[in-house]
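Subject: Structure for you to look through

Dear colleague,

Here is the structure I promised to hand over, and below it you will find my notes on what turned up. Please read them with the model open beside you.

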Amino acid sequence: MKAASKRKINNLCVFRQRTKNDDNSELSMDIVLTARKTGKLCLSSRALSSVPDRVWTINELTEEELKDLQVDLRNSDNQNKWWEYEPLKSLDLSSNSLTKLSEDVKYLGDLVNLDIHDNLLESLPEEIGSLTKLRKLNLSSNKLRTLPCKFFSLAELRCLDLKSNLIKELSPAIGDLVMLEYLNLSSNELTSLPAGLGYLVRLIALDLNHNKLKELPPDVMSMRALKKLDVSNNRLEVVHPLGELRKIERLDFHMNNLSSFPDVNGCTSLHELCLSHNSITEIDVNCLESLGQLKILNLSNNEIEVIPEEIIMLINVEQLDLSYNNISEIPGCVGVMPNLQNFAIDGNKVRNIRRDIVSCGTPRIMKHLRQTINPTNTETSNSPLRVCSANSYPDKYTMRNAKLLSLVGQNLAEVPDELFENAKEAEVTCVDLSRNKLQVLTDAMSKVTSTTDLKLSYNLLAELPEWLGESLERLRYLDLSKNLLTSLPASLSQLRLLVEINISFNKFEEMPECIYEIAGLEILIANDNKMSCINVPALSNLKRLAHLDLSNNNIGYVPPELGNLKNLRMLSLSGNCFKQPRQATLMKGTEEILAYLRNRIPTQM
């Protein structure tokens with residue numbers, strides 16, 4: 001009987017309506033003191049129906065605390081030193097049942113981060129505009145329909161998340177949030193976008209997926225810093241030319257009503273373009289030439305009938321998805337795309353390749369296409385060292401259209417000078433001689449001065465000629481990985497346009513001096529060598545360096561001053577023999593590694 005009574009009481013507790021006193025009791029004095037010491041208060045997932053009153057005045061001492069203040073001052077052992085308190089800068093009220101935000105929020109003027117996602121808010125008070133220091137605001141997964149006028153006074157806001165609300169219309173005043181870098185408006189009910197959106201010139205990422213948009217306003221082109229634009233799962237019928245978005249890296253237009261390939265001519269930084277589940281009928285060859293950095297192209301579930309020969313201009317594409325279209329023939333040029341790793345063509349009625357070959361996947365399809373272009377004797381093709389017949393070389397016409405000279409994986413010991421003469425006339429920009437048996441580079445290659453991308457990986461090169469830096473002045477990407485190199489020619493320091501160099505898997509015992517003089521270098525890959533030290537003063541000359549890979553070398557000491565290279569976005573040091581930083585620190589990522597190193601820099605007295 002007692003057990004039954006106890007169960008009944010427990011059930012009543014579970015389903016009893018929550019009161020204001022219940023909410024207030026969630027904020028204990030211990031939590032208040034911790035928040036004052038750290039400047040952070042987390043009240044997430046506490047079933048709150050209202051914000052505890054004490055939150056709004058947490059930066060102020062109560063009358064009782066003021067009375068105790070004199071006693072506290074006499075007690076030298078007091079641990080709660082009021083003069084060490086931090087103003088509240090971060091407040092997390094997420095995953096509760098809040099239906100309203102009090103106008104008293106204006107008293108939290110030092111807030112930098114406010115998280116109220118996953119609640120039941122239907123509106124916001126005008127007083128939220130008083131949070132003039134706010135940099136990050138998460139209002140996702142609520143029931144907001146509009147934003148108050150004063151909301152757009154948050155001039156310092158960098159990150160705004162309004163995902164999964166009920167917003168149908170956005171005020172042009174959104175353009176007043178000029179410091180915004182990240183804006184998420186996905187999963188709302190937007191049918192159009194205001195003209196003021198174009199004033200957000202610092203925006204890096206804009207997410208508009210799962211709305212009801214039919215068109216993007218032209219002033220989106222004003223967002224010159226934009227790197228990611230997601231407008232998937234809308235009703236887009238028209239996309240204005242996007243060529244002004246020079247820094248855009250990812251465009252996602254899948255699940256729309258597009259009937260033509262969007263004009264991305266000029267988007268030279270684009271790495272990923274997703275256009276699946278539209279009604280696109282053809283690939284615009286005029287756009288392909290400017291997409292030299294594209295790595296992923298998804299055109300599945302469209303109405304494309306022909307793969308143009310110009311597709312070979314996408315020299316860096318690794319994933320190409322053309323599945324579920326109306327394609328009947330795969331051109332042979334697909335077989336020589338130098339970096340293609342994943343080619344999806346299922347769901348088409350391909351006639352020139354047997355179904356069993358298609359079902360075997362990318363490697364088998366690529367092999368079949370290459371054999372179709374260059375049928376060779378089996379014994380010759382399997383020879384460990386050979387010189388190709390003239391028939392197996394790309395002709396001048398192919399090179400002119402693709403701006404590419406590719407002889408990947410042909411086990412070549414040498415390349416005839418005539419081929420480089422043809423490449424010069426064709427103004428080739430990419431030369432790919434990787435996966436061969438080359439021991440030297442012929443002087444004829446120096447004539448292809450239009451080269452911007454040179455791939456020489458997986459060869460037997462022990463040294464490089466001086467003309468490499470003297471003649472190929474336009475070079476931007478240089479891959480020398482997996483050779484036998486111990487040094488580089490001094491002339492490489494003349495490559496002012498070089499952005500990326502890969503010298504991994506060689507025999508370097510120290511970083512070549514010429515590398516430190518390439519002022520525009522952004523990516524330096526030097527893993528799996530025999531380097532024993534890190535020359536921080538020399539690396540400091542590379543002001544644009546963002547990616548540094550020194551993993552798997554013989555480095556025994558990491559200078560703390562390396563932490564001052566604050567432009568680094570990716571630093572890899574694993575697989576060396578130093579004791580500090582420890583592996584646990586290395587696993588935390590670049591920012592943690594750099595912070596750790598900076599903390600170890602000796603302070604000057």
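This is a predicted model: local features need pLDDT of at least 70, side-chain atom pairs count only at pLDDT 80 or more; totals for chains, interfaces and linings use all residues.

Leucine 206 lies in strand S7, where strands (E, at least two residues) and helices (H or I, at least four) are DSSP runs numbered from the N terminus. Leucine 206 is buried, with a relative accessible area of 1%; buried means under 20%, exposed over 50%, and partly exposed in between, with a 1.4 Å probe and protein chains only.

Residues are numbered from 1 along each chain as its sequence is written, and side-chain values use heavy atoms, with hydrogens and water left out.

The structure holds one aromatic pair, a term for rings of Phe, Tyr and Trp (its six-membered ring) whose centres lie within 6.5 Å, with planes under 30 degrees apart counting as stacked, over 60 as edge-to-face and the rest as tilted. The partners are phenylalanine 151 and phenylalanine 152, which sit edge-to-face at 5.6 Å centre to centre, with 80 degrees between the planes. Phenylalanine 151 is buried at a relative accessible area of 0%, and phenylalanine 152 also counts as buried, at 7%.

How many salt bridges does the structure hold? There are 13 salt bridges, each being a side-chain nitrogen of Lys or Arg within 4 Å of a carboxyl oxygen of Asp or Glu. Arginine 250 forms one with aspartate 252, the closest N and O atoms being 3.4 Å apart, and another with glutamate 272, where the closest N and O atoms are 3.4 Å apart. Because glutamate 272 lies in strand S10 (residues 272–274) and arginine 250 in strand S9 (residues 250–252), this second pair ties together parts that are 22 residues apart in sequence. Aspartate 252 counts as buried, at 4% relative accessibility, whereas arginine 250 is partly exposed at 24%, and glutamate 272 is partly exposed at 23%.

Glutamate 427, which counts as exposed at 52% relative accessibility, forms a salt bridge with lysine 403, the closest N and O atoms being 4.0 Å apart. Elsewhere, salt bridges that share partners join Arg18, Asp23, Glu26 and Arg46 into one network.

Best wishes
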